[in-house]
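Good morning, colleagues. Please look at the model on the screen, and I shall take you through a few of its local features before turning to the overall form.

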Amino acid sequence: MEQLSLFDDRKQTAPLASRLRPERLDDYVGQKHLIGKGTILRRLIEDDQISSMIFWGPPGVGKTTLARIIANQTRAEFVEFSAVTSGIKEIKEVMAQAEQNRKMGIRTLLFADEIHRFNKAQQDAFLPFVEKGSIILVGATTENPSFEINSALLSRCKVFILKALDEEDIKELLLYALKSPKGFGNLEISIENSHLSAIARFANGDARTALNTLEMAVLNGKMNEKAVLCVDEQILAQCMNRRSLLYDKNGEEHYNLISALHKSMRNSDPDAAVYWMCRMLDGGEDPLYIARRLVRFASEDIGMADSHALPLAVAAYQACHFLGMPECDVHLTHAVVYLSMAPKSNALYSACEACKEDIREFPAEPVPLQICNAPTSLMKELNYGKGYVYAHDTEEKLTNMQCLPDALADRRYYRPGKEGEEEQIRKRLDEILEWKRQNECLK
């Protein structure tokens, strides 16, 4: 059978993600909290009342697409800027033209993609024209605007946060790509629903990654005798460069694997813990998700038994953020092995849960007067701060002053165990409690 080419039509030569870029709000997928019916941003776009704004969100969630939809619906002149190709000279030229347009009653909408890549001087060049209203600045960034955009410029822009697309949004987009004439609508393609779900999970909220993966899978599909292009599991796994990305067909296996990792570390089994961590990475799991779970584990299951566990887990998270995959796998391994081998204590977790239970039962107990602040004479007259003893003024650096509310005066939440450093903390706490018992009369 003659091999058919998907590129016989020159219109198909553009990447799938570009061909499917929507031009209307009604075709835009995701971000319902921003552009759903009746939302403020949608009304501003539909009424052509856009002011300067920043779109902040991870890659592939529709920041640039939304800006171009605005360009299609605005009556302003649209100018797109790149931090890579535009210097101060180019910015000043565009600003001068925008100022002329303003005098003639024409608005200029300037879109700055990856605005965080503009240096301070470039960003400063925008500022006076944003202030005067010569331009409406729409910036897109994957970085926190608080750190990457000049405060003066940022204060004149409304920040809209775009979220990673959920799996259902991405599956909707993939189905559209298979049916639309702009995508693969002119082909008969056989691909299982579970495979679309696997692509959606692999994309991790990034529509561009999802469409690129689907495109690669289709281009590598096999045409059968009925001229149906078949995408099977083997092709899909190769396109995603993961052997086990199809593991999570119902969502359950994701939670099974993180549970296996957590319980292996709790059981001080570094080999099992590393295995389950690598299984998750091999399945396309976000390394930052794993790192966040390690940070939680460091306090929930180790706590004061090894107080180095928490800063090490946080450092592993930061390393994953800096490097990303595949380099950060060794940092996760470092943290997983350390946490597995550390002495275990759930005393902090138990203390927190017991305290929360008491707060649910006693939600509004007053602060004892002796530890209330007394900044005014009236408050002093009302006995605020009366009886307060400054612990540093005592020889033992201890007092018998009651700090809990009366209804909870004898409660003990933190009960340290005997593992690791917590043994010394337990002895210290026992000494404190014994001193307070013997000096009860000093209250």
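This is a predicted model: local features need pLDDT of at least 70, side-chain atom pairs count only at pLDDT 80 or more; totals for chains, interfaces and linings use all residues.

I begin with Asp-329, which is partly exposed, its relative accessible area being 33%. This residue belongs to helix α17.

Which residue lies 48 positions away from Asp-329 in sequence, yet 8.0 Å from it in space? That residue is Leu-281, and the distance is taken from C-alpha to C-alpha.

Pro-326 sits in the loop between α16, residues 309-323, and α17, residues 329-341. The peptide bond leading from Met-325 into Pro-326 is cis, and its omega is near 5°.

Let me turn to backbone angles elsewhere. Ser-268 is not a glycine, but its phi is positive, near 55°. Where is Ser-268 placed? It occupies the loop that runs between α13, residues 252-266, and α14, residues 270-282. Ser-268 has a relative accessible area of 37%, so it is classed as partly exposed.

A second case is Asn-383, another non-glycine residue with positive phi, here about 75°. Asn-383 falls in the loop between α19, residues 377-381, and α20, residues 422-438. With a relative accessibility of 34%, Asn-383 too counts as partly exposed.

Next, the surface charge. Asp-166, Glu-167, Glu-168 and Glu-172 together form a negative surface patch. Of these, Glu-172 is located in helix α9, which covers residues 167-179. Its relative accessible area is 45%, and Glu-172 is therefore partly exposed.

Finally, the chain as a whole. How many helices and strands does the protein chain contain? There are 20 helices and 8 strands. The radius of gyration is 30 Å, whereas the globule rule gives 22 Å for 443 residues; the value is well over the rule, so the chain is more spread out than a compact globule. Along the principal axes, the C-alpha atoms fill a box of roughly 95 × 65 × 40 Å. As for burial, 44% of the 443 residues in the protein chain are buried.

That concludes my presentation. Thank you for your attention.

Conventions: Residues are numbered from 1 along each chain as its sequence is written. Side-chain values use heavy atoms; hydrogens and water are left out. Patches are made of residues with over 30% relative accessible area and no salt bridge: like charges are joined within 9 Å, nonpolar side chains (Val, Leu, Ile, Met, Phe, Trp, Tyr) within 5 Å. Accessible areas come from the Shrake-Rupley method with a 1.4 Å probe; for residues, only the protein chains shown count as cover. A salt bridge is a side-chain nitrogen of Lys or Arg within 4 Å of a carboxyl oxygen of Asp or Glu. Lys and Arg count as positive and Asp and Glu as negative; His and the chain ends are not counted. The place of a charge is taken as NZ of Lys, CZ of Arg, CG of Asp or CD of Glu. Helices (H or I, at least four residues) and strands (E, at least two) are DSSP runs, numbered from the N terminus. Buried means under 20% relative accessible area, exposed over 50%, partly exposed in between (1.4 Å probe, protein chains only). The radius of gyration is taken over C-alpha atoms; the globule rule is 2.2 Å times the number of residues to the power 0.38.
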